[in-house]
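Thanks for coming. I will walk through one structure this morning, starting with its sheet and ending with a pair of helices.

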Amino acid sequence: MPAAILVIEDDYYIQELIAEFLRAQQYEVDVAGDGLEGWEKFQQSSYDLVILDLMLPSMHGYEICRSIRERSDTPVIVLTALGEEKDQLRAFEEEADDYVTKPFSFHVLMKRVEAVLRRTRSGLSGEQLFDGRLRLDADAYKIYVDGKLIDTTTKEFDILHTLVHNAGRIMTRDMLLDKVWGYDFYGDSRIVDAHIKNIRKKLGISVIRTVKGVGYSLESELALVEG
């Protein structure tokens, strides 16, 4: 079944081009021309991905992204003319899965869409347990702490899953970018830091260790048990 994608973009020309490219790749596409319309459509239907502009009439893109995260783990690709580092970091702090700046290549955007959907529908399977407290269900893309479901984005899950499978090993930011983003990333590697910050806050337990100036690792005393 083809993936359903919601495009929230107020520039009609760009909106139509994105929709045309997506439909040519056999995706099902809905469009919205302002923030409020986009948020209403998201609530009324089920989507596999949202492509979201930030500077929107009636409801800002950051607010939409935050609202989506409060009720769903649907991946979000931010598409915007705001190219400053602070804007990118804020988008990731709002738990966007990817960030594309305008002007952009439609072919590159399609690759980004494919990469995000591939991660969402990846063949990861099984469960990983840490110290009896942290559990990852790779079949359902869910994380539990002390039996309680933790709401995370697909990108956050992939980062933690990567750390799980490299327990005790130091993972540099570039290594995490390569394994999680899955394509050549042109941007600030501190985007990883923003995701790690979100993961730590959500987990509420201290399992990710910062290796200053290098990267991150799981606490070495936590042993991996695969089911």
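In which sense do strand β3 and strand β4 pair, and over how many bridges? This is a predicted model, and in it β3, residues 49-52, pairs with β4, residues 76-80, in the parallel sense over 3 bridges. Within this pair, L52 stands opposite V78 in β4.

Now the whole sheet. It is open and has 5 strands, in the order β2-β1-β3-β4-β5, with parallel pairing. The edges are held by β2, at 28-32, and β5, at 98-101. Each of these has a single partner strand, so one side of each is left without a neighbour in the sheet. On average, neighbouring strands are turned by 20° against each other, direction ignored.

A helix packs on this sheet: α3, residues 61-71, which touches β1 (4-8), β3 and β4. The direction of α3 makes about 165° with that of β3.

Next, the helix pair. Two packed helices are described by the angle between their axes and the distance between the axes. For α6, residues 154-164, and α8, residues 191-203, the angle is about 85° and the axes are 10 Å apart. That angle makes α6 roughly perpendicular to α8.

Which residues meet there? From α6 come K155, E156, I159, L160 and L163. From α8 come H195, I196, N198, I199, K202 and L203. Sorted by class, the contact of α6 with α8 has 6 nonpolar, 2 polar and 3 charged residues.

That is what I have.

Terms used
Residues numbered from 1 in each chain as written. Predicted model: local features only at pLDDT ≥ 70, side-chain atom pairs only at ≥ 80, totals over all residues. Heavy atoms only, no water. Axes fitted to C-alpha atoms, helices over the stretch in contact; angles between N-to-C directions. Helix = DSSP H or I, 4+ residues; strand = E, 2+ residues; numbered from the N terminus. Parallel < 35°, antiparallel > 145°, perpendicular 65-115°, else oblique. Contact = heavy atoms within 4.5 Å. Nonpolar A, V, L, I, M, F, W, Y, C, P; charged D, E, K, R; others polar. Pairing = 2+ DSSP bridges.
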